[in-house]
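User: Hi! I have a structure open and would like to work through a few of its features with you. Could you take a look?

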Amino acid sequence: MADNKSANDSTHPMKSYFNVFCLVLLMYGCELLASTAGQEKQQLDRYYDKFKADIDADKMLHVMSYINELRQLAVSQQALEIEVESYLLEALVKRRYGAFEEGVKLNNYALELAQSAGNKEYTAWAYLHLAHLEMELERFRLAQEYIQHVIDFYENDNSEYTAHGTHVPLAK
């Protein structure tokens with residue numbers, strides 16, 4: 001009975017070792033999670049820099065080889081703008097190579113993301129891309145409606161873009 005009492009005692013050496021082990025494991029786990037998040041952020045930055053450079057160099061097909069990884073990192077880091085841009089670019093590539101309906105679906109998804117975040121600039125980009133796709137599908141009335149959203153954005157919400165003649169990125 002005395003042995004049983006000493007085994008349940010809080011000062012038992014095994015319990016204190018276990019508590020120390022749990023504390024060390026918890027500290028290491030938190031450090032590991034923090035370093036993983038930091039590494040993902042760095043990896044996202046590298047992919048995004050490469051993404052922009054490849055777009056500037058008109059290497060759209062090359063971007064398609066890593067766009068899913070970029071998008072997954074953007075989602076994990078809650079980088080909505082990068083996620084939206086990735087959908088817009090993929091839709092642009094699909095449009096260039098004749099997969100118009102897939103492009104429309106991707107653009108609509110980008111539009112939903114931009115609208116859910118309240119990002120008017122990315123919403124305008126998505127509408128502009130949708131207008132391009134709809135014109136190629138010869139749905140001119142719908143394309144005109146989408147263009148009107150873009151015009152409204154640039155005239156009402158962003159007169160500095162209109163004054164400087166800045167164009168919408170990815171609108172090739």
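Predicted model: local features only at pLDDT ≥ 70, side-chain atom pairs only at ≥ 80, totals over all residues.

User: What span should helix α8 have at 1.5 Å a residue, and how far apart are its end C-alpha atoms?

Analyst: Residues are numbered from 1 along each chain as its sequence is written, and side-chain values use heavy atoms, leaving out hydrogens and water. Helices are DSSP runs of H or I, at least four residues, numbered from the N terminus, and the expected span is 1.5 Å times one less than the number of residues. The 18 residues of α8 (140–157) should therefore span 26 Å, in agreement with end C-alpha atoms that are 25 Å apart.

User: Where do the buried residues of α8 fall, seen down its axis?

Analyst: Buried means under 20% relative accessible area, exposed over 50%, partly exposed in between (1.4 Å probe, protein chains only). In α8, the buried residues are A143, Y146, V150, F153 and Y154. Taking directions from the helix axis to the C-beta atoms, these buried residues fall within an arc of 90°, so they line one face of the helix.

User: Which residues are exposed on the other side of α8?

Analyst: An α-helix has 3.6 residues a turn, so residues three or four places apart point the same way. On the other side of α8, the exposed residues are R141, Q144, E155 and N156.

User: Is S86 buried or exposed?

Analyst: S86 is part of helix α5, residues 80–96. Its relative accessibility is 0%, so S86 counts as buried.

Methods
Helix = DSSP H or I, 4+ residues; strand = E, 2+ residues; numbered from the N terminus.
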